[in-house]
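This report concerns the pockets of one protein model. Please keep the sequence and the structure in view while reading.

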Amino acid sequence: MNKIITLILSSLLCISAVGCSSKVNDNDVVVSVNGKNITAKQFESTLALYKESFELMYGSTIWDNEVEEGVKYRDKFKEIMLDQMIDIEAVCQQAKKDNLVPTKEEVDKSFEEFKKSIDEDEEYKKKLKDLGIDDTYLKSQQEQELILQKYKENFDKNLKISDEEMKKYYEEHKKDYYKDEVKASHILISTVDDNGKELSEAKKKEAKKKAEEILKKAKNGEEFSELAKDNSDDTGSASQGGDLGYFTKGQMVQPFEDAAFSLKSGEISDIVESEYGYHIIKVYDKIDKQLTFDEVKDEIKATLTEDKYIKNIEEISKKAKVEKNEDIIKKIKF
């Protein structure tokens, strides 16, 4: 849930050019939270703001997929978004009760900075206009974000987590703090073209010969990073000398992973063939150990803090008086 909340706060950076289409009036009430109304326009704007970012992640055909029997993703998406808007409204109301609100000057400054970034991008401005997003909505989002920030900061400041609680969590989740990683670089001689189509047998034979020549140079002590820069077809890592950083099992294709984790620090592999081509791998470091409580104490504290914050939001929302207008919700399309 908290991830969704975070996304809503950043959704103004992910504007879609596709708006909502419905047979409702802007001021029709979608839901009331402790007497405070969320209107159809606010709901439609939030759905529209999210639409493109979700399609970029999951594809434009996601909406008609079934997430469960008889329930399409578009309907589940509407339900989740509305629930998150309810959560945010409830938390903002609680923050106001606790006097955790930004000053008018803080809101104005935040909005001015945001407007400045919009004014510098004509295409962005046009998308906002096409969506029917006005300054009133944008400013309300900026104010809401500042309120939530203040509420979260205050929550974190006043939260007490004991060492005993953290140690208990560590013992119960010890396997999550076992580190099995390899730091490696590689040189790829590709056997597929730019469209991912496999090269001819003759071209693959040439690629293997080239890989064998590079391997010989690497084994004879030539600088691996320079060989990678000059020869690797993995453009993403070649400029960094083939550096892939640290990675765990499950992140690389199987032949690559098997070879990398079988090497000792400082060793160079023989030629490793994968679906992408011929790899030469050099391992620079290996970590294979159970991390101690002291090593992960700060991480555990952050995890527990986040868990307790999410639970706090759930409790606030549960206590809120929520009245949904199902007829209006059903009419809203996107």
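This is a predicted model: local features need pLDDT of at least 70, side-chain atom pairs count only at pLDDT 80 or more; totals for chains, interfaces and linings use all residues.

## Background

Rolling a probe the size of a water molecule over the atoms shows where empty space is left.

## The largest pocket

The largest pocket has a volume of about 340 Å³. Its lining consists of 17 residues. Those nearest the centre of this pocket are Lys36, Gln42, Glu89, Ser140 and Gln144.

The largest share comes from H6, with six residues. When the lining of the largest pocket is sorted by class, seven residues are nonpolar, six are polar and four are charged.

## The second largest pocket

The second largest pocket holds about 290 Å³ of space. It is lined by 14 residues, and Asp75, Lys78, Glu79, Ile329 and Lys330 are the closest to its centre.

Which elements give two or more residues to the lining of the second largest pocket? They are H3, helix H13 (326-331) and strand S11 (332-333). Helix H3 provides the largest share of this lining, six residues. By class, the lining of the second largest pocket has nine charged and five nonpolar residues, with no polar ones.

## An element in both linings

Key:
Residues are numbered from 1 along each chain as its sequence is written. Side-chain values use heavy atoms; hydrogens and water are left out. On a 1 Å grid over the protein atoms alone, a cavity is a set of points where a 1.4 Å probe fits but cannot get out, and a pocket is an open set with protein on both sides within 12 Å along at least five of seven lines; lining residues have an atom within 4 Å of a point. Grid points are joined across faces, edges and corners, and a volume is the space filled by probe spheres set on the points. Helices (H or I, at least four residues) and strands (E, at least two) are DSSP runs, numbered from the N terminus. Ala, Val, Leu, Ile, Met, Phe, Trp, Tyr, Cys and Pro count as nonpolar, Asp, Glu, Lys and Arg as charged, and the others, Gly among them, as polar.
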